[in-house]
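I opened this notebook to record what I looked up about the pockets of one structure. My entries follow in the order of the search.

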Amino acid sequence: MNMMNFTRIVLKNLFSKPATRNYPAQPKEFFARTRGHVEIEIQACIFCGLCSKKCPTGAITVERGEKKWSIERFGCIQCGYCVESCPKKCLCMCPPYPQPEAQKPTEAYVQPELEPIEKSEKLDRAEQ
Amino acid sequence: MSVRSVVPFGPQHPVLPEPIHLDLVLEDEKVIEAIPSIGFVHRGLEKLVEKKDFQEYVYVAERICGICSFMHGMGYCSAVENIMDITVPPRANYLRTIWCEMSRIHSHLLWLGLLADAFGFESLFMQSWRMREKILDMFEMSTGGRVIFSVNKVGGVRKDMDQEMLREFLKVFDGIEQDLKVLTKTFLEDYAVNGRLRDVGVLTRQQAHDLGAVGPFMRSSGIALDNRKLGYAAYPELDFEPITSDVGDCYARCDVRIREIFQSIDLIRQAAAKIPEGELAAAAKGFPQGEHFMRVEQPRGEAIYYVKANGTKFLDRVRVRTPTFANLPGMLETLKGCQLADVPILILTIDPCISCTER
Ligand code: SF4
Ligand code: SF4
C-alpha cells in the first residue's frame, strides 16, 4: 500500500507538463526585482564617486576629470549597494544576469560633451 | 579473525557534495573509528573584516553559506545592531522572520532531496527539489536574488513585501503544504526508506547533550532547545514549540525536519497575518563600539556571531561558530559501529555544511 503512494506521484507526473523549462528555446522570465547587472544612465551622473566608494568589491571606477564611469563586470557581485547610495538615482539593477565570457571585460561609459552648436541644433530641432 | 583497514572517505565523494575528509578505520565492513580532517575550503572570510567596513561586511557575512545566507546576514546585522543600540522597526523584524522561515523550508527540502539521493531514491530527490524551486522563485520575487539575497542591512531590511505579494506567497505555501503531505508518506512510511533509516546511527539524549549537538540533530534525540525561543526578530510574538523526537536515529532526524517544514509554513502564516505597517529600517548613525554575542537558530542548528567593535568603521573581530562544527563530535560518535554502506547517510543526517564551517 505504501508503495502505491509514490506510484500515484509517478503516474501524475507521467501525464502532467514537465516541471522544467525547455531552455534556451523558452528563456527564463525575470522578476521585476531580479538583481541581474548594473546599468548606468550616464547623462544624469554627476561623477561624485559615491558608488565606487561604497562598492564592496571595488568594481566601479569613476574618473571625474574625464567624465568616465567604468565597471568590471566580473568583479561586481550584484549586491545593489551602489544603486542604493547613488544620489542622482542614475544607477539601476536590471535583468538579465551577465553572460559568460572568455575575458573579464571592463565596460566604460563616457559622458558625451554637448557642444554649444550641437545644443542649439538640438533646440532648433525641438522647436520644429 | 577480522582484519583492520583504513578507508579514506572524501573530500571528493560521489554521494556527498561536502568537502569533508574522514579516515574510516574498518574491521571488515564495520566502522570502528572515524578520524575527521577539515579545512579544504577555507576562504578567510573572518579576516576580511579588516578590509571591509562594518556596513560592507554584511555582503561578506551572507556569503559564508549559500543555503543559510539570509540568516548569516541577519545574525551579523543583529549583533551590530545590539552593539549600536538600534531598535529594528517591527515590520523589518516580521519580514526577517518570514525570510528566515522560507530559508528553513528550502534548506530542509534540499536536505530531504539529498537524503533521498543518498539512499538511492532518485525520483524522490527530484520531487523534493521541485518544491524547493518554488521557494527560490519566491525569494527572487521578493529580494531579487535566488541564493544571495542582500536584503539585510544594519538597522533593518532593504526590500518590502506588500500585502498582495504576501497573499500570493501564502497561496504557493498552501500548494507546497499539500505536495509535502503526499511526499511525507513516502519519506516516513515507504518500506525501502524505513529499511535504510530505522535504527541507523542512534544518538542518545545523554550523548547529544554531552557532545554539544545542536539543531534538528539534537532535537531528534529528545532535547527541546530552539534558539528561536530566545526572542530575536518577531519570534516572541509567534506561537510555536520546538519539535522533538525521542528516538535519535536517522529516521527521527528525517521526521523532525519534515515536521519543522510544516511548522515553518505555519509560522509564515502567523507572521503574514500579524505583520504591522511601518518603516523598513532604522538609521545606523556613527560607528559601533563594544562587543556582542548573537545566537540564532539556523536550519542546521545554533549559529553564534561574535562581533567586537572599536569605534571606527572597521571592526576588530568577527567570529562565527556554525552549527555543523558543533555537530561533528556527535556525528563521529554515531559513526562508531555502523556499516560502511551507512556512512554517507549518517554524515548527511547532521545536514553538514562544511564550507560554512570553514569559512
Ligand atoms: S554615485 Fe551615481 S552620480 Fe555619483 S558617480 Fe556613481 S553613478 Fe554617478
Ligand atoms: S552591485 Fe555591488 S558589487 Fe556591483 S558595482 Fe554595485 S556596489 Fe559594486
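I took helices (H or I, at least four residues) and strands (E, at least two) as DSSP runs, numbered from the N terminus. I noted that this is a predicted model, in which local features need pLDDT of at least 70, side-chain atom pairs count only at pLDDT 80 or more, and totals for chains, interfaces and linings use all residues. Residues are numbered from 1 along each chain as its sequence is written, chains are lettered from A and ligands numbered from 1 in the order in which they are written, and side-chain values use heavy atoms, with hydrogens and water left out.

**Entry 1: the largest pocket.** I searched for pockets (on a 1 Å grid over the protein atoms alone, open sets of points where a 1.4 Å probe fits, with protein on both sides within 12 Å along at least five of seven lines; lining residues have an atom within 4 Å of a point). I read a volume (the space filled by probe spheres set on the points, joined across faces, edges and corners) of about 1100 Å³ for the largest pocket. I found 26 residues in its lining, with A:A19, A:T20, B:R130, B:E133 and B:K134 nearest the centre. Helix 1 (2–14) of chain A and, from chain B, helix 4 (122–143) and helix 5 (163–189) each give at least two lining residues. Helix 4 of chain B has the largest share, 8 residues.

**Entry 2: the second largest pocket.** I read about 370 Å³ of space here. Its lining has 17 residues, and A:K54, A:Y81, B:D53, B:F54 and B:Q55 lie nearest the centre. Helix 2 (50–54) and helix 3 (81–85) of chain A are the elements giving two or more residues to this lining. Helix 2 of chain A gives the most, with 3 residues.
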